Amino acid sequence: MAAAGFRVIALDMPGHGQTQGWRGRHRFDGTAADIAEFVRAAGLDLPDLAVIGHSWGAMVGSRLPGAGLRPRVIALLDPPALTVAQFEVFVQDPSEQLYSSYDAAAAAMRAANPTWTDGDVAAKAHGLTTFNPEAVLAVLLENGDWDAGMSAARQADEAGVPMWVIRGEWGAGCLIPDALVPRLEAAFGRQRVVTIQDAPHSPQRTHPEATLVALLRALESSPVEAGTPAT
């Protein structure tokens, strides 16, 4: 993204990465208000501001117009469309638990994902030794059913903020069922829904070139090029 001419700023979501002092604000709307406050405090609320969010970050990103932030465009990267019951099964996955050491996490990730690159294994292992379990469980289980951001589409459209959805395929590990695509297209506009073939939930990791092309298409589009508005 930087090579394409963008100034790129990546932030840790609350309770993730190096961010400490999680305050228990895990709801989409509340987190969006916190992110909007950060953007304003950092002097980033500019006319050319574009936002990319992945997974929970995408769900939060879809709420930014409701928090009073008006980015030029918002790209949602595989915002999940899963029920709380589905997330309850996910959080019981033994491979997704907090590990006491990096070496143990790396060995488990390598055994479970033999095709992953060393960098992918290292990133996942690092994440599994540093995340805040209380924060993650609250995010996944206390936000109700996730709808890929569709409930926020009308508000974004009324605010004049085009939102794009970039997803993988359900059979490859995407968290948006393929059967939901027509509803996504109705909510966001047909041209604003992009599917990356054979991509999982994190296409930026497994399909970086295709993901970059899709993101640049969204970020460099004009409102006219973006297709029909959300309805």
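Q: Let's start with Leu64. Which residues does Leu64 touch, leaving out the ones up to four places away in sequence?
A: Going by this predicted model, Leu64 touches Ala32, Ile35, Ala36, Val51, Leu69 and Ile74, once residues up to four places away in sequence are left out.

Q: OK, and what's the largest nonpolar core like, and which residues have the most contacts inside it?
A: That core has 38 residues. Leu64 is one of those with the most contacts inside it, along with Trp146, Ile176, Leu184 and Phe188.

Q: Which helices and strands each supply at least two residues of this core?
A: On the helix side, you've got helix 1 (28-41), helix 2 (56-62), helix 6 (133-141), helix 7 (153-158) and helix 8 (181-188). Strand 2 (73-77) and strand 3 (163-167) each supply at least two residues as well.

Q: Which of them gives the most?
A: Helix 1 does, with 5 residues.

Q: What about the second core, how many residues are in that one?
A: The second core is separate and has 12 residues, including Val73, Trp164, Ala199 and Leu215.

Q: Back to helix 1. How many residues does helix 1 have, and what distance does it reach?
A: Helix 1 has 14 residues and reaches 20 Å from its first C-alpha to its last. That's close to the 20 Å expected at 1.5 Å a residue.

Q: Which residues of helix 1 are buried?
A: Those are Phe28, Gly30, Thr31, Ala32, Asp34, Ile35, Ala36 and Val39.

Q: And what do the buried residues of helix 1 pack against?
A: They pack against helix 2.

Q: What follows helix 1?
A: Gly43 does, and its phi is positive, near 70°.

Q: Switching topic: what's the order of the strands in the open sheet?
A: The sheet has 4 strands in the order 1-2-3-4, with parallel pairing.

Q: Why is one side of strand 1 and of strand 4 left without a neighbour in the sheet?
A: Strand 1 (50-54) and strand 4 (193-195) stand at the edges and each has a single partner strand, so one side of each has no neighbour in the sheet.

Q: How many bridges pair strand 1 and strand 2?
A: They pair in the parallel sense over 5 bridges. Gly53 stands opposite Leu76 in strand 2.

Q: Which strands does helix 8 touch?
A: Helix 8 packs on the sheet and touches strand 2, strand 3 and strand 4. Its direction makes about 160° with that of strand 3.

Q: And where does helix 10 lie?
A: Helix 10 (residues 208-219) lies across strand 1, strand 2, strand 3 and strand 4, and runs at about 155° to strand 2.

How values were computed. Residues numbered from 1 in each chain as written. Predicted model: local features only at pLDDT ≥ 70, side-chain atom pairs only at ≥ 80, totals over all residues. Heavy atoms only, no water. Core = buried A, V, L, I, M, F, W, Y, C linked by side-chain atoms within 4.5 Å. Buried < 20%, exposed > 50% of the residue type's maximum accessible area, 1.4 Å probe, protein only. Contact = heavy atoms within 4.5 Å. Expected span 1.5 Å × (residues − 1). Pairing = 2+ DSSP bridges. Axes fitted to C-alpha atoms, helices over the stretch in contact; angles between N-to-C directions.
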